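Here's a quick briefing to read alongside the model. Have the sequence and the 3D view open as you go.

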Amino acid sequence: MEQDFQHSVSLRASRRQDIVVEIQRRKDDEDELFLHKRLSTDFPMRLMWKRGFIRLVLIGGMIWMLLILSVLLFHIWSCQSSVAFFSAICNRESKVFVVLDSMGFVPKPPHRCSIPVADAAAAVYIPKERTPDLIVQNLTYITEDEEMTSESPLFGGNISWSMRDESFKLKPNMKVHCGFIRGGGADMDPKDIEYAKRCKFVVASGIFDGYDTPHQPSNISARSIELFCFLMVVDEVSFDFIKKNVSVREDSDGGHWVGVWRLVLLKHQPYDEPRRNGKVPKILVHRLFPEARYSIWIDGKMQLIVDPLLILERYLWRGKHTYAIAQHKHHRSIYEEADANKRRKRYARPLIDLHMKIYHYEGMEPWSPLKNTISDVPEGAIIIREHTALNNLFSCLWFNEVHLFTPRDQLSFGYVVYRLKGQFKFHMFPNCEYNSLFLLHPHNREHSSKVEWVKSLNEFKKNSKLRESRGGWGLWTPYPVNLDAVELPPVVRTSKAG
């Protein structure tokens with residue numbers, strides 16, 4: 001009896017437990033069904049929101065990219081604009097430029113880029129005929145001035161304002177000043193004159209006042225070694241410095257060599273300023289080496305790393321050019337370059353201003369995209385040219401400006417181009433290619449002269465020793481017009497002072 005009672009109690013408990021489990025199962029089924037119904041109702045809404053969010057992100061990204069592209073295009077346009085308000089955005093020291101640069105909107109031009117030169121110098125075809133002289137057919141030079149305004153002849157001559165103006169008028173037969181006035185200095189040794197007569201292809205460089213030592217070119221083919229004369233023009237100070245610090249070989253004819261470079265000594269320097277003396281071989285290569293058909297000039301601090309024959313093929317013959325020079329990295333207007341020269345104390349500030357006032361009065365406008373040139377300011381450390389009559393005339397006129405005004409040749413290059421009214425054609429190649437032609441070495445010492453620190457013309461009046469005695473005569477010869485009222489164009493500083 002007791003066992004039946006216990007069995008009944010346990011059976012009830014078991015049934016009660018089964019009932020509880022069943023109730024829980026039904027409750028779970030109901031919850032699952034409710035959840036399923038709820039999910040079925042919310043799913044389309046969630047899917048729609050998800051797709052909408054993705055579309056919103058994509059549209060936002062596209063708008064952001066268009067905004068970035070618009071800013072970049074506006075920045076590029078403003079840098080080339082002649083409107084001062086817009087071009088101010090190009091000022092690297094301005095807040096606008098700094099903000100754009102920090103956001104990654106300012107494009108960084110490459111320092112070096114590849115040069116599409118020919119595969120091998122041995123396969124380069126050299127033109128047999130010279131480029132015909134169509135504009136200037138016969139060019140001769142004034143070697144002795146009729147009137148002497150100083151005790152000894154000036155190397156660049158006594159060029160009056162009227163003679164200067166007349167020299168820019170191109171004619172088939174022309175006779176102009178072009179340095180090397182008899183008795184004016186820059187005398188070449190007879191043995192070097194004789195050696196240079198054999199040079200049809202020239203790589204020329206120069207070292208003055210012992211600033212540098214010769215750097216041997218690399219990657220030069222056997223054909224170029226045979227074809228080119230490598231001529232290093234030096235003054236007495238540099239010649240003595242090189243002999244003391246570098247191994248110099250003397251050949252049977254008395255010529256002096258440093259590696260492939262033949263040292264060409266110029267005696268009796270024509271100017272007080274070494275930088276002005278350095279412009280003689282740089283600009284007047286055709287006068288020093290008159291038998292040359294082609295020349296490549298490189299500054300003395302540079303080491304050439306591209307075969308010179310490949311350079312001629314790339315920059316002259318391939319595009320049928322006769323003159324090639326690189327574009328300046330920072331400046332396109334001569335007035336920007338002049339401002340940078342003043343900030344870096346490259347020459348007396350008031351004399352640079354006077355130089356620019358003369359150019360501005362004579363119609364030289366700041367560079368703008370409306371001009372037919374890529375830039376008015378070159379990077380003159382490498383000059384590649386065929387010695388045609390017109391190119392030789394351009395070199396003479398360019399040197400005359402350097403002789404008359406400041407020795408900063410980058411200020412006068414674009415002016416001479418302007419005065420020739422588009423008849424002088426030249427190829428200006430990108431600055432990144434220019435930097436791929438050479439390795440740059442530091443100077444042995446930095447150049448400094450008293451004239452660079454002059455801040456006003458009154459300082460010249462107080463101390464006449466600050467003034468050059470044989471160069472820059474156009475800055476001290478009264479100009480036909482009063483320039484006091486001439487205002488220089490506003491300058492947008494696109495580079496730091498350095």
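Predicted model: local features only at pLDDT ≥ 70, side-chain atom pairs only at ≥ 80, totals over all residues.

Residues are numbered from 1 along each chain as its sequence is written, and side-chain values use heavy atoms, with hydrogens and water left out.

**Overall build**

- The protein chain has 17 helices and 14 strands (DSSP runs numbered from the N terminus: H or I of at least four residues for helices, E of at least two for strands).
- Out of 498 residues, 49% are buried, meaning under 20% relative accessible area with a 1.4 Å probe and protein chains only; over 50% is exposed and in between is partly exposed.
- Take the contacts (heavy atoms within 4.5 Å) between residues at least 6 apart in sequence: 83% of them join residues at least 24 apart.

**The largest pocket**

- Its volume is about 1,400 Å³, taken as the space filled by probe spheres set on grid points joined across faces, edges and corners.
- A pocket here is an open set of points on a 1 Å grid over the protein atoms alone, where a 1.4 Å probe fits, with protein on both sides within 12 Å along at least five of seven lines; lining residues have an atom within 4 Å of a point.
- There are 44 lining residues, and the closest to the centre are Asp 299, Lys 301, Arg 346, Arg 408 and His 443.
- By class, the lining splits into 13 nonpolar, 15 polar and 16 charged residues (Asp, Glu, Lys and Arg are charged; Ala, Val, Leu, Ile, Met, Phe, Trp, Tyr, Cys and Pro nonpolar; the others, Gly among them, polar).
- Elements that each give at least two lining residues include β4 (201–207), α12 (334–343), β12 (378–386) and α16 (431–434).

**Disulfides**

- You'll find 3 disulfides, each a pair of cysteine sulfur atoms within 2.5 Å.
- Cys 113 pairs with Cys 432, S to S 2.1 Å. Cys 113 sits in the loop between α3 (95–102) and β1 (138–142) and Cys 432 in helix α16, so the link ties together parts 319 residues apart in sequence. The S-S torsion is about 75°, so this one is right-handed.
- Cys 113 is partly exposed at 23% relative accessibility, whereas Cys 432 is buried at 14%.
- Cys 178 bonds to Cys 396 (S to S 2.1 Å), and that link is left-handed at -80°. Both cysteines, Cys 178 and Cys 396, are buried.
- Cys 199 and Cys 229 are joined at 2.2 Å, S to S; with a torsion of about -90°, this disulfide is left-handed.
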